[in-house]
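Hi,

Here is the structure I promised to send you. Have a look at it first, then read my notes below.

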Amino acid sequence: MSKLHTKRTFLYTLKASLVITEKNARIYYLKAPVIIFGILFPVFFFLAFALGKKVVPFILVPGLVAMTLFFTSSSVGPLITPWERNAKTYERLLASPVSLSSILLGDMLAGVIFGVIISSIPLTIGILFFNAKFFHPLFLAGNIVLSSLCFSSLGVLLASPAAEAPSQVMMLSSLVRFPLIFISGIFIPLDKLPFWGKVIAFISPLTYTVDAMKYSLYDLKSYPAFINILALLFFSFVFFSIALKMHRKNLIKAL
Amino acid sequence: MSESSVIQVSNLKKVYGKTVAVDNVSFEVKKGEIFGFLGPNGAGKTTTIRMLTGVILPDEGEAKILGIDIKEDPISVKKIMGVVPEVCNVYVDLSSWDNMILTGKIYGVKRKEREEKAEELLKKFGLWERKDEKTRKFSKGMKQRLILAMSLIHEPKILFLDEPTSGLDVQSTRMIRKIIEELRLKGKTIFLTTHNIEEANLLCDRIAIINKGKIVAIDSPEKLKSTFKRMQSVEVAFDRIPEDIRWLHSIPYVNECKKLGDKFRVYTKDPDSLIKELVNFAEKNNLKFISLNTLGPSLEDVFVALTEKVEAKYHE
């Protein structure tokens, strides 16, 4: 195949991914599981933690923004593939001129956009009412995009089991996502965690989002800033690569 | 392989665990042909169509669409084909118009062109009046018509239809068949899998019969029927039913005889001799003919004979 043909095919599949992102946004953003598990659940969860206690803003705001990013970005991906399988639209999509990687890229981008839009709400609240400042605005923007990329890749990975009903995948995704918020420095700062807690926090991508958020908004940090970025890039790559492999493996079972 | 072939399949194989779903299947489909793919449930039809449309990869063998290998360049191949999978649906949260436009976008059809084509197709398929309604409210027949319309938005050269009329009402079935005929007249090549043997008989130029993953016959419907001469029959009705029908079995070349209501169906290799014997018999017994028809084997007879033959071999 010529280079020109390869370039054309690449551009074509990229365009197709954007079309799939648009389709996902129109169909799935307002589905009940996305609203419940992506927005309402984390909000009430956080309120239960913060109300009636004296929580300092530099814990509250980065934690809330990071948790919103985490839940919103990772809530769209687990829904799309099981929903499409269940609604019997998946095979037609696979038969269209789009590769599986383009489909998953489109699913991931839908999660990224959703996460970025929704997380701007707690971020604005933090800046207006909780003394958060744009200490490192570019870093903040990079952190938001990279974190949502990482979490939406996780969402796409969670959608890979060939489950028959979307509710089964949503349950699995809650099982994976909820424990992470307790060990990532949202409710308990990293330096107050026991040694084993610090070790587990090290392998949670959410830890790096929270830390980068503290650095961006309050100029505080536990890890060097570039470590946070590298870790988020690493987790994004790993999640998406495994997701692609798993979706490919389970494709026949899912049809 | 012939140059006029738009689909060239050689030694295609797919194995799921220990089950060989498709076993060294080879065939060609010529330009402008409606090629029927018949087989009982689990014969390998859908697996074959999934390999040809790039949904799954074959384990062995080669499939070329207009000379392009599906494994090497699936995106280019998928762009020139329209697909209606067996198990599929429209996006029920979108209107029929939005479903059409979305499909057009995925296939890279330019904006003006996809809007014009969407309007033309929705009108043709009788869905224009409800173009802005969410398809959740549509009947199965309407959804199937929409899926077929969506598969045509990019003007595909080849169409893969997997059970397109299965479970539909008569009106939708007729509309879809009529459109398939029109597409043939436009020179489109159509690969059609169906359970409905009569549908295949009416629509297809050639038919492949697949059973247990293997192709057991490929030919035109009429040639397939003519190869089963022993299944020719004569259907006869007299003004009164003869008391003793044992004589029927004594006539040479009679393979089988059935009484169907007030008439008899006699299977034979030689209808001419049989008719002469029947005339003699009628004269001798003072019987009048009410009707006398010679019948060729139906495609269903051929299908059953071929698939049962493989079944018997399989169990030997």
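A quick definition to start: a residue is buried if 20 or more other C-beta atoms lie within 10 Å of its own, exposed if 12 or fewer, and partly exposed in between, with C-beta atoms placed from the backbone. By that count, 49% of the 255 residues of chain A are buried.

Some housekeeping: this is a predicted model, where local features need pLDDT of at least 70 and side-chain atom pairs count only at pLDDT 80 or more, while totals for chains, interfaces and linings use all residues. Residues are numbered from 1 along each chain as its sequence is written, and chains are lettered from A and ligands numbered from 1 in the order in which they are written.

Now, chain A. It has 10 helices and zero strands (DSSP runs numbered from the N terminus: H or I of at least four residues for helices, E of at least two for strands). Its radius of gyration, taken over C-alpha atoms, is 19 Å, close to the 18 Å from the globule rule (2.2 Å times the number of residues to the power 0.38), so chain A is as compact as a globular protein of that length. Its C-alpha atoms fill a box of roughly 55 × 40 × 35 Å along the principal axes.

On to chain B. An automatic or database domain assignment divides chain B into domain 1 (5-225) and domain 2 (229-296). Their C-alpha centres lie 44 Å apart.

Finally, where the chains meet: 23 residues of chain B are in contact with 23 residues of chain A, meaning C-beta atoms, placed from the backbone, within 7 Å. Helix H2 (74-79) and helix H3 (96-106) of chain B each supply at least two residues of that side of chain B.

Cheers

Key. Two residues are in contact if their C-beta atoms, placed from the backbone, lie within 7 Å.
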